[in-house]
Amino acid sequence: MADSDYSIDGEDASDDEYVGPKAGSSTRAQASSGKRKAQATEIPKPRKLAWETEPSEAVANPVEAAEEIDEEVLEKSVQEREEDRKRKRLRKDTKPFQRGIIRHVVLVLDLSETMLERDMRPNRYITMIRYTQEYVREFFEQNPISQMSVLGMHDGLCIRVSELSGNPAEHIAAIQGLRFPRSLQDLPKEPKGSPSLQNALELARAMLYHTPSHGTREVIIVFGSLISLDPGDIHQTIKACVRDRIRVSIVGMSARLRICQEIVSRTNAGDESEYVIATDQELLRELLLATTTPPVIRSTEDTTTTPAESAAALMMMGFPSRVVEDVPTMCACHGNLTTGGYTCSRCSAKVCSLPVTCPSCQLTLLLSTHLARSYHHLFPLRNWVEVSWERARERGSRECVSCLSTFPEVPPEDVDDEEMQDGERLQSKMDGDAARQRRMDKEDSEEQKASESARYECRACESHFCIDCDMFCHLVLHNCPGCLSMLNPASEVQENGDVVMTG
Amino acid sequence: MNGIDGTDRQVKTDEGPPPSLLAVVLDTNPHAWAHLSSTLPLSSCIAALLIFINAHLASGNGNEVAVIASHSHRAEWLYPTPHTTSPSHRSKLNGSTSSPNGTIKIPENPNKYRPFATVEQSLLQNFSALLSSTKEAHLAATPTTLIGGALSLALSYIAKSVLRHSPVDTGIENPLSALADSESSHTARVPLTSRILIVSVSGDLANQYIPVMNSIFAAQRKRIPIDILKLAGDTVLLQQASDATGGVYMKPEQPEGLLQYLMMGFLPDATARRSLVMPSAGGVDFRAACFCHRKVVDIGFVCSVCLSIFCEPNLPDNLCLTCGSYLSLRAAQTATPALIPRKKKKKKRAGGGDSATPGGSTPAGSSTPMHL
Ligand SMILES: [Zn+2]
Ligand SMILES: [Zn+2]
Ligand SMILES: [Zn+2]
Ligand SMILES: [Zn+2]
Ligand SMILES: [Zn+2]
Ligand SMILES: [Zn+2]
């Protein structure tokens, strides 16, 4: 995936995109476009994906790993390819980091005329509108106690699409309103003019300025253009963003830009992996959804110049109970007559839905389930490993533990040499506990691939699962059915094949 | 996967009501059933459950059922029967021709509808196998039951069954259908409606808080209602499960009438429920338990790093008891700046210790739900 960014970078970015940006002040982008090609050859290819934000020292030899993958790619059945593609979506790194659970995100959409390009069907603009709605829903699914705001870069200006709030419906309606305005007077915001990264960053910075220090401040930009029409010095803006500990992620289209690279690397402590390029619409969707995972909180030792990333805090929250009423009463949030609702634990005002800030006493009201929804980010389910035929034979697994669908038959012992070697290699790797541990660590950070035996093994309970259950358990359930189905007498709390948070 | 297979099945189901999959999680915690034995022995519970399952199978041609036992030391499939995983050498011979060792022999009985007999036989055999495998050490190890594991099994099974019924169900699974095929393929298929019924007898499930919560969210996302029939004990957790997923929560006064409750309260599937007034739990207690004393609080203090809930703001050395990070209460006290528009909602606000004690706004004391 990372490679494809570069192949596009060299050729596909047709130069006529750069010819004659109308105003003279787009100096930054033009200067950077000049440097762009030289850059592409100089910089080593980052073998990192969007969600892999910390370079993992466990990957001792990336070159060797790459060769292994290449070899295997050649001899792949169609089904394996399919499974491969699915497993790519698994989180690469299940190592527990401290993550910013309480997020403040400004989503910036590109509404410039480049978005009318038809390389995505029907065009980039409509594709983006569609995916961002899904994105907002998923975002609040994953981050229920977070806040979001949507901005748009339209005709040189940055317009405010929706205010900072924790209500997904509001944002989705606002994004839809771009194409289909709710009131008849408003015209739909068709893509127009050039975008301005500086204006967008400045407005986002202003919106995030007052957010509390225990939350993250993030700007996620969907950027389709290859220019930025800025009124001033964008480097000053970048500096200000760094000072305000705002981190910027950019999902680009078609080509990498020097200025974007700089913005991302400066605001992410030198880490450029948050700048990704979507070469097609499916990738755009994936890259967007990847940002729904809460970001890793960087340790502050190495960056002495920037202020502490996040000051942890104790937050006071109310856990209200639901009341049922026979007679409708007024709710404090909308002033409507409703029967039933939730009463604020401090002032007993009635609100319609949760989570919400009490309109009368400003206490944050939520359900403990809202908090629990973020637990799987803190205690992620470790990825399951591919099972070689050798291992499948050893375990004698016939069907998926959780869905009882049968696995393909284990081939008889006299398999051809190649496969034998493969099995032996794996076997020898498994020798010794230390070696095993190393292998586990390595695989934790490696790309997740398809298994030749269509089995996937949980390392904690050694149960075998099918690809569908693998996907379901890691993407939706976040439990290992195998581990939870066996009592581990040693531990009082169920273990769940999770990795233990080290803090 | 096998699209041909999926379309074939489709033709059959287009006519009638959509097929419905019922996953029953039976809490077989021996400790709890020992308490209940005077009013409702486990054997009569299983008898009632079998009648209920038969009724479910009979009410639709495509209806399916899965039964999982949530026992004290393991969660086990009762129906369908899993093929036992045989370690190492035995499985070397090609398993397709040799009969799987888990097969249940069904006695020919001309007086019984065959699907009923199949379910009954395997359920009873697997259950007695489970009971005979239970050692005293297992019972001594834990007083509770593995409801988290059983729920996870049920959810994965349902997820797979849904996939089997319509291989390209959600847009997530296939990349290209998102745009082009969305209209054509979705309307043509009748999706499998599924639900989970938990017959629960155990009390405290706090040790499985996170797994059960994860299961609840998975069910919520997949729109699988979780019904709870609570014969004994009381857990806020399961009540929240049914509330969050739109299921039915019932706590019968008289467990002896189990069959009646099952037939009246839990037989209608998701399609039928749309036209019925289902029993509702009324007020639900959503208060949280603090991590430090397991005390139920209605105002708590939450660590912004690990989201642990504490009942008071004065932690030793201001360090979080769970993750050990330094927590400043000062940061939580900063006031909202005046220039922020009214709409802006802040996820933090606190006034030091002024209202640290749970207020009198909610009924004091117990965590029992308020049934009205
Ligand atoms: Zn209201
Ligand atoms: Zn209040
Ligand atoms: Zn499976
Ligand atoms: Zn496991
Ligand atoms: Zn406490
Ligand atoms: Zn903590």
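# Reading cores, helix packing and backbone exceptions

Buried residues make up 51% of the 372 residues in chain B, where buried means under 20% relative accessible area, exposed over 50% and partly exposed in between (1.4 Å probe, protein chains only).

Me: On what basis are the residues named and the values computed?

Reply: Residues are numbered from 1 along each chain as its sequence is written, and chains are lettered from A and ligands numbered from 1 in the order in which they are written. This is a predicted model, in which local features need pLDDT of at least 70, side-chain atom pairs count only at pLDDT 80 or more, and totals for chains, interfaces and linings use all residues; side-chain values use heavy atoms, with hydrogens and water left out.

Me: How many helices and strands does chain B have?

Reply: Helices (H or I, at least four residues) and strands (E, at least two) are DSSP runs, numbered from the N terminus. Chain B has 12 helices and 10 strands.

Me: Which residues have the most contacts inside the largest nonpolar core?

Reply: In soluble globular proteins, nonpolar side chains tend to be buried together. A nonpolar core is a set of buried Ala, Val, Leu, Ile, Met, Phe, Trp, Tyr and Cys residues joined through side-chain atoms within 4.5 Å. Here the largest core has 72 residues, and those with the most contacts inside it are A:Phe319, A:Leu371, B:Ile196 and B:Ile198. Helix H6 of chain B (residues 147–165) supplies the largest share of this core, nine residues. A second, separate core has 37 residues, including B:Val24, B:Leu36, B:Leu231 and B:Met250.

Me: With which residues is B:Ile196 in contact, leaving aside its neighbours within four places in sequence?

Reply: Contact means heavy atoms within 4.5 Å. Leaving those neighbours aside, the partners of B:Ile196 include B:Ala23, B:Val25, B:Leu151, B:Leu155 and B:Ile226.

Me: How are H6(B) and H8(B) placed relative to each other?

Reply: Axes are lines fitted to C-alpha atoms, for helices over the stretch in contact, and angles run from 0 to 180 degrees between N-to-C directions. The axes of H6(B) and helix H8 of chain B (residues 209–221) come within 9 Å and cross at roughly 25°. The two helices are therefore roughly parallel to each other; angles under 35 degrees count as roughly parallel, over 145 as roughly antiparallel, 65 to 115 as roughly perpendicular and the rest as oblique. B:Ile147, B:Gly148, B:Leu151, B:Ser152 and B:Leu155 in H6(B) meet B:Val212, B:Ser215, B:Ala218 and B:Ala219 in H8(B).

Me: Is A:Glu83 buried or exposed?

Reply: A:Glu83, in helix H4 of chain A (residues 78–88), counts as buried because its relative accessibility is 5%. Leaving aside neighbours within four places in sequence, A:Glu83 is in contact with A:Ala450, A:Ser451, A:Ala454, A:Tyr456 and A:Ile467. Its C-alpha atom is separated by 9.6 Å from that of A:Met471, 388 residues apart along the chain.

Me: Where do exceptions in the backbone occur?

Reply: Most residues other than glycine have a negative phi, and most peptide bonds are trans. The peptide bond from A:Arg121 to A:Pro122 is cis, with omega near -10°, and a cis bond also joins B:Tyr79 and B:Pro80, with omega about -5°. A:Gln362, not a glycine, has a positive phi of about 65° and counts as partly exposed at 33% relative accessibility. A:His478, also not a glycine, has a positive phi of about 60° and counts as buried at 11%. A:His478 is in the loop between helix H16 (467–477) and helix H17 (481–484) of chain A.
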